[in-house]
Amino acid sequence: MSADPLFQPYKLKHLELKNRLMLSSHEPAYAEDGMPKERYRAYHAERARGGVALTMTAGSASVSRDSPPAFNNILAWKDEVVGWMKALTDECHDHGCAVMIQLTHLGRRTRWDRGDWLPSVSAGPDREVAHRAFPKVAEDWDIARLIRDYADAAERMQAAGLDGIELEAYGHLMDQFWTPLVNRMEPPWGGDLGNRMRFALEVLGAIRARVGPDFIVGIRYSADECEAGGVSAEEGREITRRLHDSGLVDFLNVIRGRIDTDAALTDVIPVQGMRSAPHLDFAGQVRAATGLPTFHAAKIQDVATARHAVASGLLDMVGMTRAHIADPHIVAKIRRGEEDRIRPCVGANYCLDRIYMGGSALCLHNPSTGRELELPHAVARSDAPRRVVVIGAGPGGLEAARVASLRGHEVIVHEAAPGAGGQVRLTAQTARRAEMMSLIDWRLAECDRGGVQFHYNSYAEAATVLAHDPDVVIVATGGMAAEEGLRAGNELCVTAWDILSGDAQPGSSVLIWDDAGDFAALQAAEKIAATGASVEIVTRDRNIASEVMSMSLTPSLRELQRRDVRFTPTWRLDAVRRDGNALIATLGSDFGDMSCERRVTQVVTNLGTRPLDDLYFELKPGSANLGEVDYEALVALAPQTVVRNPEGRYKLFRIGDAVSSRNTHAAILDALRLVRVL
Ligand SMILES: Cc1cc2nc3c(=O)[nH]c(=O)nc-3n(C[C@H](O)[C@H](O)[C@H](O)COP(=O)(O)O)c2cc1C
Ligand code: SF4
């Protein structure tokens with residue numbers, strides 16, 4: 001048996017879990033028609049194959065019709081779910097991975113204009129800030145039907161052959177009964193803790209009566225809401241004791257905090273730049289107090305911390321959820337002695353933020369996640385090795401180099417800067433976003449293993465490229481911050497990149513014109529405001545920072561609000577002119593002919609990027625495909641076979657921002673799907 005604490009098996013009732021790593025419940029929003037079909041199954045099967053001991057499927061699978069899917073949740077109130085869950089479970093079991101599912105009623109944490117347009121229901125009439133629904137207060141007949149719905153859903157999961165279930169309490173209906181912040185009901189459902197817990201305990205009792213004593217039933221709940229008037233740490237201890245004494249639960253999955261606002265949710269599930277494993281010791285205290293099997297997940301990104309959690313007796317099962325979204329094969333890599341090859345989760349939270357925007361979970365730097373069926377994680381070697389020259393060592397260029405080297409090609413990279421990283425290096429200038437460099441460093445290490453040759457400080461021209469006599473050239477030169485965009489006064493402005501790189505010093509009163517809505521404007525604002533300058537961010541969009549999603553925005557907003565940075569949406573910067581030592585910025589509106597002025601010392605623009613494509617157009621006439629990409633083949637993962645110039649000596653492709661201003665995921669996806677069939 002391995003001496004690694006992570007590889008000690010764990011006995012949960014009758015169930016033997018083969019190691020201590022699990023996926024905590026997370027809704028990737030892959031359901032189709034509310035069912036976990038092939039995409040969903042392939043996602044979990046990949047992680048099961050990668051060696052994780054337990055996968056807590058779904059997130060918030062809905063037990064009732066009036067808990068409509070807030071983020072494409074599984075509809076556990078439908079009988080047809082049994083077949084789909086059985087197929088998923090069987091496949092994971094084949095890999096020795098136990099399967100459970102998280103069941104819930106979202107209560108007010110949803111919207112009434114989804115699903116069947118039924119009113120949302122809760123223990124009080126106030127809206128949840130994050131999802132905005134004003135619920136009806138549950139009546140007696142609601143409560144009876146909801147308890148029955150939970151038991152029905154649990155029975156469906158037992159019928160599907162799952163190893164157990166977890167009830168989602170925190171922030172959802174159960175917790176809405178528990179917390180005095182939401183519950184406005186009269187006894188017997190509101191009032192003292194006994195009454196507020198009555199609903200959860202009756203649900204647990206009904207489930208137990210339905211599934212029997214052996215089926216595993218756990219609960220994920222907040223044992224301290226960290227908010228005045230909410231469930232305090234002391235009340236949390238009492239809730240824990242009552243759960244324990246009820247004898248109805250087999251494990252606790254401990255949460256600390258609340259999730260009713262973006263900011264509160266971000267403290268429960270910290271993003272990059274926030275503390276690692278902030279609630280681990282707290283979860284350990286719950287375990288010590290109850291002796292019940294204890295699970296927990298919250299930014300335990302690295303194997304060392306997971307090992308510590310088990311070795312120190314803080315947890316029985318360690319959730320490494322986003323870590324497995326980034327790399328499904330963590331356990332397999334540890335077992336092979338390749339821990340240093342684990343693709344690191346960089347905490348970008350692209351995965352989770354996307355589901356709240358109506359999308360599905362994708363990993364910022366692993367495009368195969370969620371695309372297991374069409375873009376598998378493994379890259380096969382080519383039987384026709386070629387010489388591939390890549391220009392640019394940003395995320396897209398490095399991904400192209402990494403995958404080409406895995407294919408067995410000879411790979412040469414030229415990078416104009418002294419180091420790799422491209423725009424990611426610029427982003428990582430803000431200390432809070434420094435984790436982003438891990439996606440570069442991981443690729444560099446993988447490229448090193450694959451024998452990729454790097455030429456830094458090498459501003460490649462066509463001759464530089466042609467001197468290698470390449471078979472394939474990939475232009476990944478990225479983009480440069482756009483500078484033109486105003487009716488007048490472009491030359492009086494600096495860009496957000498100038499501020500971040502240090503090429504321009506912050507002024508004392510600054511207007512930032514954000515027409516891209518991405519991180520650069522926020523980061524520039526933060527850097528400028530830190531000098532004590534006054535800062536106003538103007539955007540013509542209806543929302544601020546439109547491209548930065550909810551939880552990712554939280555740390556920036558905390559910093560900017562603290563420094564009194566002002567946001568002015570729905571206004572447009574038209575022109576800038578000089579007035580003595582000051583600048584006059586003229587603002588206009590898309591809504592009418594209104595205009596106004598601001599007097600400042602500096603105007604900073606954030607207008608997206610323009611492709612750095614000179615080299616591409618220089619190389620285009622000599623290429624066989626004249627730069628053409630067969631999109632059908634690209635999407636179908638078929639080789640590129642276009643020949644438009646039979647005299648051409650090489651195939652030419654450009655990827656990422658060298659084509660058009662997009663994001664890191666797009667650049668890496670461009671590279672992966674092109675090169676994995678090269
Ligand atoms: C895409 C995504 C969806 C999630 N959905 C749920 C959910 O429905 N229910 C839940 O309890 N937790 C959900 N979570 C939270 C995770 O279970 C976990 O607590 C969180 O990701 C922190 O752990 P980690 O740092 O290991 O990722 C979700 C997380 C992600 C990334
Ligand atoms: S998107 Fe970011 S947070 Fe999510 S798994 Fe990938 S690296 Fe981690």
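This is a predicted model: local features need pLDDT of at least 70, side-chain atom pairs count only at pLDDT 80 or more; totals for chains, interfaces and linings use all residues.
Local features are reported for pLDDT of at least 70 and side-chain atom pairs for pLDDT 80 or more, while totals for chains, interfaces and linings use all residues; side-chain values rest on heavy atoms, with hydrogens and water left out. Residues are numbered from 1 along each chain as its sequence is written, and chains are lettered from A and ligands numbered from 1 in the order in which they are written.

Four cavities of 30 Å³ or more are present in the structure. Here a cavity is a set of points, on a 1 Å grid over the protein atoms alone, where a 1.4 Å probe fits but cannot get out; grid points are joined across faces, edges and corners, and a volume is the space filled by probe spheres set on the points. The volume of the largest cavity is about 520 Å³. Its lining (residues with an atom within 4 Å of a point) comprises 35 residues, of which Ser25, His26, Arg220, Ile269 and Leu352 are the closest to the centre. At least two lining residues come from each of strand E4 (54-62), helix H8 (262-268), H11 and H13, where helices (H or I, at least four residues) and strands (E, at least two) are DSSP runs numbered from the N terminus. The lining has 19 nonpolar, ten polar and six charged residues; Ala, Val, Leu, Ile, Met, Phe, Trp, Tyr, Cys and Pro count as nonpolar, Asp, Glu, Lys and Arg as charged, and the others, Gly among them, as polar.

An oxygen atom of ligand 1 lies 2.5 Å from a backbone N or O atom of Ser25, and a polar side-chain atom of Tyr170 is 2.7 Å from an oxygen atom of the ligand. For Glu27, a backbone N or O atom is 3.0 Å from a nitrogen atom of ligand 1. The protein covers 97% of the 600 Å² of accessible area that ligand 1 has on its own, by the Shrake-Rupley method with a 1.4 Å probe.

Ligand 2 has 14 residues around it, and Cys345, Asn349, Cys351, Cys363 and Leu364 come nearest. Helix H11 (321-326) and helix H13 (350-356) are the elements that give two or more residues to this shell, and H11 provides the largest share, three residues. By class, the shell around ligand 2 has ten nonpolar, three polar and one charged residues.

Pro187 and Pro188 are joined by a cis peptide bond with omega of about 10°, and Pro188 is found in the loop between helix H4 (173-178) and helix H5 (193-196). Asn72, a residue other than glycine, has a positive phi near 55° and is found in the loop between E4 and helix H2 (81-94).

Key. A residue is near a molecule or strand if one of its heavy atoms lies within 4 Å of it. On a 1 Å grid over the protein atoms alone, a cavity is a set of points where a 1.4 Å probe fits but cannot get out, and a pocket is an open set with protein on both sides within 12 Å along at least five of seven lines; lining residues have an atom within 4 Å of a point. A polar contact is a pair of N or O atoms within 3.5 Å; within protein, one must be able to donate a hydrogen and the other to accept it, and residues adjacent in sequence count only if both atoms are side-chain atoms.
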